[in-house]
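Please look through the structure below, and then read the briefing that follows, which goes from the overall fold to the place where two chains meet.

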Amino acid sequence: MSKEMVNPRNAYGETLVELGKKHSNLVVLDADLSKSTKTIMFAKKYPERFFEMGIAEANMISAAAGLASCGKIPFVSTFAVFATGRVYDQIRMDVAYSNANVKIFATHGGISVGKDGASHQMIEDLALMRVLPNMTVFAPSDATQTKKIVQLMAETKGPMYARVGRADAPLIYKTEDLKDMKIGRGLTVKDGDDISIIACGTMVNHVLDAREKLLKDGISARIIDMHTIKPIDTDLIIKCAKETGAILTAEEHSVIGGLGSAVAEILAEKGLTCRFKRLGVNDIFCESGAPADLFEKYKLNAKHIVKTTSALLEQ
Amino acid sequence: MGNRADFYTNYFYIKKHSGVCFHLLINGWGGTLKPYDEEVIKKLDIIAVKIRRHVIEMLYRAKSGHPGGSLSAVDAIVALYFHHMNDNPKKPEDPDRDRFILSKGHAAPTLYAVLAECGYFDVKELKRLREINSILQGHPVSFHIPGVEASTGSLGHGLSFANGIALAGKADKKKYNVYVMLGDGETDEGQIWEAAAVASHYRLDNLTALLDRNFLQIDGNTEDVLRLESVYDRWSSFGWHVREIDGHDIDQILDALQMADDHKNQPTMIILNTVKGKGVSFMENNVDFHGVPPNEMEYKLAMSEFDMLLRKLEEAS
Ligand SMILES: Cc1ncc(C[n+]2csc(CCOP(=O)(O)OP(=O)(O)O)c2C)c(N)n1
Ligand SMILES: [Mg+2]
């Protein structure tokens, strides 16, 4: 079953153009990466509402907050590593604390950035953004969902962060599949009884591949697409724990502070006894390499998801 | 090299901004007091072509990376490592060494090729740039890669890091100098100007910055993206001693470095007027080659251009 490959970054650029037509107060800011983040599509269509801010991300975030204070809906884009860590205090003060209607849309998240190396592989952004009060955090899993999330971001008030990867990604959804998708409500992509695999972003595809392999071993895995990391879907996590008795989380992010941590917090606080494992980057900086090689070495591909799942179920 | 006519024009073009006239008075024209001669310049010109050749080969193999800004940076980095700096590849952690920081970390291939040719590590490693399990990461990582002083790749940090080294040198009464190369687009970053203020406040005359002024970043011309001019006036108003030279002229680079070392009480900024993609005809001034490696045809074409140039330089020497 070969799925159509679409780049979520293109979906972002196209959706911005559509939303620009609908919302005359939507503005876009970029920091010398508009060709990569695809905000260039908006820049071409609405040059008067596009602000090239140069390689100066901290300034860009605070300026976006100023724009928001005047009723604009600013979408701010750069690579995930520069959109969060580099500008953390600007986000904390001017966006989160001020509850500003700023939408940070980051591309090139995770290790699938590949050959640029660990300096550019952002594996802490979900943690950094999740810890901020007022902030909503998304990790869309394909181009269709990216489009939906960008629409939700534009049409819902408040500080928001979303990240996508660099690479093309197989399409998981058709537009109508996501008609009723809501912020903070995870999607059950496939049902199953033996384990729930809760994934976000780029990892949803990998866990779907793993699910096929697991089926051959007689393991039926439920696949949850947790597109909103914050607010997390507590009810769904509790339901999964009770119904499948085992949970594996999967994210292209450090195992510390992101989706896995969010799920663990719920399980622990609710006193749910459930076999549990976090799959992600194990508290290390990775390295340069082709994405597939990195996914093999750092144990994030379908093969390793299968291994980890089997080991967890044998416990 | 040794095109005196060009050399003169350049000198008079820049002299309005610099202490060149004074320097000419003291040292004379190409005078014996210069710590290098024509032979050195010829040698470095040949090395620079070899480094450019390495860079293109590395990027072609890696199928990713940044040709434009790597090529524009070559001549200055060659002049530093193959002639000017006091460093020893056998003792990369010598506390008295001069340091070089590549703040525009995406030009890593140039730094790696120079370090390898100087003997910091095996030239064979260059073939494995950006591969998994290679020491040569897409962007420089300190201590992981012998000779690399600072981890860079997130733009805007290097000048601050260099300030730290210069402050330590002053505190410890060391004689070493620190050199740092910045991209022109990189100086959009506010941190650069925080660092500029610190270097001038503490009179860090053991610090020399080199600005790769190629007028391009990613989204286009630096003056369209976020106006930088007047670069000269900006840095001098921050209290820096500023020189502006042809960043592909080894003679001018060596001369400016020497003057920078000699200059007291102020940090020096050497504005290197450069061409992004320098040395590969179809990459020159072409923003599309900022972060896209050559394909097979482009690779072969580039190699033939280098070979031709090398033959010419070797015949002349
Ligand atoms: C903080 C930060 N923001 C963005 C980038 C992405 N980026 C890499 S190179 C580059 C352009 C650099 O332009 P310039 O400094 O002029 O370098 P050169 O022309 O010498 O290649 C950008 C925006 C980065 N590496 N770091
Ligand atoms: Mg430049």
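Contact here means that heavy atoms lie within 4.5 Å. By that rule, residues 24 or more positions apart account for 79% of the contacts in chain A that have a separation of 6 or more. This is a predicted model, in which local features need pLDDT of at least 70 and side-chain atom pairs count only at pLDDT 80 or more, while totals for chains, interfaces and linings use all residues. Residues are numbered from 1 along each chain as its sequence is written, and chains are lettered from A in the order in which they are written.

**Overall form of chain A**
- Chain A holds 13 helices and 14 strands, taken as DSSP runs (helices are H or I of at least four residues, strands E of at least two).
- The radius of gyration of chain A, taken over C-alpha atoms, is 19 Å, close to the 20 Å of the globule rule for 315 residues, so chain A is as compact as a globular protein of that length; the rule itself is 2.2 Å times the number of residues to the power 0.38.

**Burial**
- Of the 315 residues of chain A, 60% count as buried, meaning under 20% relative accessible area with a 1.4 Å probe, protein chains only.

**Meeting of chains A and B**
- In chain A, 23 residues are in contact with 29 residues of chain B.
- The two chains bury about 2,000 Å² between them, 44% of it on carbon and sulfur atoms, where buried area is the accessible area (1.4 Å probe) that two parts lose on being put together, summed over both.
- On the chain A side, Ile55(A), Arg86(A) and Lys115(A) lose the most area to chain B, together 31% of what that side buries.

Note on methods
Heavy atoms only, no water. Buried < 20%, exposed > 50% of the residue type's maximum accessible area, 1.4 Å probe, protein only.
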